[in-house]
Amino acid sequence: MENEHMLEEPKSEIDWRAVHTMQLGATGFIVFLMVVIWVASGGLGEYFWPIWVWFGLSVPLAVQYAIKRAMGGPRRWRALSVHAALSCVAGAILTFIWAMTGFGFWLFWPLFGLGAALILNAFLTAWWRALHPKREQELTERVDVLTRTRRGALDAQAAELRRIERDLHDGAQARLVALSMQLGRAEDRLDEHPEAAELVRNARVEASNAIKELRDLARGIAPPVLADRGLPAAVEALGERSALDVKVDARLKRRLSPVVESAAYFVVAESLTNAAKYARGAAAKVTLFEEGGRLVVEVDDEGPGGANPDGSGLSGLKNRVEALDGILVVVSNPGEGTTVHAELPCE
């Protein structure tokens with residue numbers, strides 16, 4: 001796509017969901033292998049030692065899950081949430097060891113220490129918040145104001161771009177079309193003056209080229225079909241004009257804000273353009289749907305892969321998406337095609 005060279009993905013684009021899936025798969029395989037070894041070594045009816053292998057493999061998974069859940073809470077209490085989650089995991093680990101070793105030590109004291117440390121952390125956090133409520137409130141209000149004003153500026157910019165597109169379409173483009181028609185009629189009346197007819201013909205050709213360039217410019221600013229019929233119809237039009245065999249799966253039940261629709265449209269347009277340039281005629285699929293208050297846009301192609309996420313085109317798309325508090329991830333392993341995944345808040 002963006003670069004013909006097979007470049008390695010930056011670490012920031014790692015698909016952690018896939019990594020966790022691989023980790024779970026590897027854990028399950030090791031657990032199964034340990035059970036097979038236990039059975040094959042005549043362990044039936046004897047001590048079930050694979051349980052300690054299971055325990056050791058489950059600890060990192062439990063820690064990761066606890067931290068992930070804690071990080072999803074409010075920012076102001078995030079540190080306390082992480083402490084509480086890790087304390088729960090540590091308590092569960094100690095309880096399991098205590099039970100499996102035949103209740104060989106006094107469980108109360110380590111659990112008491114974990115609980116006391118958590119209560120102390122909660123007390124100190126609440127005390128600190130009570131001493132600095134004004135500063136935190138000011139920062140929160142400032143973030144809200146900046147978010148609102150930035151979104152308002154983006155909406156105003158999108159409206160202004162659509163106004164410029166309408167002015168170009170209804171004004172300059174219409175005048176050039178009228179001029180081209182008048183030049184055509186003038187050319188028909190100059191049969192007896194071939195030199196003048198040639199000059200008029202050249203002028204008409206230049207006017208036609210100007211109309212085409214102006215139409216492409218207007219489409220690049222704000223495609224009329226996007227404003228008139230919405231994002232699914234605009235994306236289908238992109239697929240029809242593409243040099244690739246494009247399948248569109250759009251599951252949107254409502255119109256979104258103009259700035260969100262425009263950003264999603266240009267993500268699809270740039271992705272299909274790059275795919276047509278580098279994917280060598282491979283098929284592509286565009287998927288649009290809403291999930292959890294976010295618009296999800298995915299463009300998959302079956303090309304050679306190896307795209308450079310830091311190239312000018314994809315980098316520009318990432319900046320456009322991140323300006324709306326969205327994310328854009330490019331997965332392009334050599335020989336496995338390319339996937340451009342974008343999420344845009346649309347609440």
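# Chatting through a predicted model

Visitor: Let's start with helix 3. Which of its residues are buried?

Guide: In helix 3 the buried residues are Leu 80, Val 82, Ala 85, Ser 87, Val 89 and Gly 91. Bear in mind that this is a predicted model.

Visitor: And what do those buried residues pack against?

Guide: The buried residues of helix 3 pack against helix 2 (50-71) and helix 4 (108-131).

Visitor: How far apart are the end C-alpha atoms of helix 3?

Guide: They are 33 Å apart. Helix 3 runs over residues 78-100, and at 1.5 Å a residue its 23 residues should span 33 Å, so the two values agree.

Visitor: What follows helix 3?

Guide: Gly 102 follows helix 3, and its phi is positive, near 75 degrees.

Visitor: Okay, zooming out. How many helices and strands does the protein have?

Guide: There are 10 helices and 5 strands in the protein.

Visitor: How much of the protein is buried, and what about its surface?

Guide: Of its 347 residues, 31% count as buried. The accessible surface is about 21,300 Å², and carbon and sulfur atoms account for 61% of that area.

Visitor: What share of the contacts join residues at least 24 apart?

Guide: That share is 70%, taken among contacts between residues at least 6 apart in sequence.

Visitor: Now the largest nonpolar core. Which residues touch the most other members?

Guide: Leu 231 and Leu 295 do, in a core of 38 residues. At least two residues of this core come from each of helix 8 (231-241), helix 9 (258-278), strand 2 (284-291), strand 3 (294-301), helix 10 (312-322), strand 4 (327-331) and strand 5 (338-345).

Visitor: Which of those gives the most?

Guide: Helix 9 does, with 11 residues in this core.

Visitor: Tell me about Leu 295. What is it in contact with?

Guide: Setting aside neighbours within four places in sequence, Leu 295 is in contact with Leu 231, Leu 252, Leu 256, Val 260, Ala 264, Phe 289, Ala 342, Glu 343, Leu 344 and Cys 346.

Visitor: And what's in the second core?

Guide: The second core is separate and has 5 residues, among them Ala 66, Ala 70, Val 82 and Ala 85.

Visitor: Let's switch to aromatics. How many aromatic pairs are there?

Guide: The count comes to 7 aromatic pairs. One of them is Trp 52 with Phe 96, an edge-to-face pair at 5.9 Å centre to centre, with 75 degrees between the planes. This pair links distant parts of the chain, since Trp 52 is in helix 2 and Phe 96 in helix 3, 44 residues apart.

Visitor: How accessible are Trp 52 and Phe 96?

Guide: Trp 52 has 29% relative accessibility and so counts as partly exposed. Phe 96 is partly exposed too, with a relative accessible area of 25%.

Visitor: What about Phe 108 and Trp 109, how are their rings arranged?

Guide: Phe 108 and Trp 109 form an edge-to-face pair, 5.0 Å centre to centre with 75 degrees between the planes. Phe 108 is partly exposed at 42% relative accessible area, and Trp 109 is partly exposed at 48%.

Visitor: On to charges. How many salt bridges are there?

Guide: The count is 5 salt bridges. In one, the side chains of Arg 201 and Glu 198 meet at 2.4 Å, N to O. Both residues lie in helix 6 (residues 194-221), 3 residues apart, or about one turn of the helix.

Visitor: Where do Glu 290 and Arg 254 lie?

Guide: Those two meet in a salt bridge at 3.0 Å, N to O. Glu 290 is in strand 2 and Arg 254 is in the loop between strand 1 (246-251) and helix 9, so this pair links distant parts of the chain, 36 residues apart. Glu 290 counts as partly exposed at 29% relative accessibility, and Arg 254 is partly exposed at 43%.

Visitor: Last one: what does Arg 294 pair with?

Guide: Arg 294 meets Glu 343 in a salt bridge of 3.1 Å, N to O. Arg 294 is in strand 3 and Glu 343 in strand 5, so the pair ties together parts 49 residues apart in sequence. Glu 343 is also among the contacts of Leu 295.

Notes: Residues are numbered from 1 along each chain as its sequence is written. This is a predicted model: local features need pLDDT of at least 70, side-chain atom pairs count only at pLDDT 80 or more; totals for chains, interfaces and linings use all residues. Side-chain values use heavy atoms; hydrogens and water are left out. Helices (H or I, at least four residues) and strands (E, at least two) are DSSP runs, numbered from the N terminus. The expected span of a helix is 1.5 Å times one less than its number of residues. Buried means under 20% relative accessible area, exposed over 50%, partly exposed in between (1.4 Å probe, protein chains only). Contact means heavy atoms within 4.5 Å. A nonpolar core is a set of buried Ala, Val, Leu, Ile, Met, Phe, Trp, Tyr and Cys residues joined through side-chain atoms within 4.5 Å. Accessible areas come from the Shrake-Rupley method with a 1.4 Å probe; for residues, only the protein chains shown count as cover. Rings of Phe, Tyr and Trp (its six-membered ring) pair if their centres lie within 6.5 Å; planes under 30 degrees apart count as stacked, over 60 as edge-to-face and the rest as tilted. A salt bridge is a side-chain nitrogen of Lys or Arg within 4 Å of a carboxyl oxygen of Asp or Glu.
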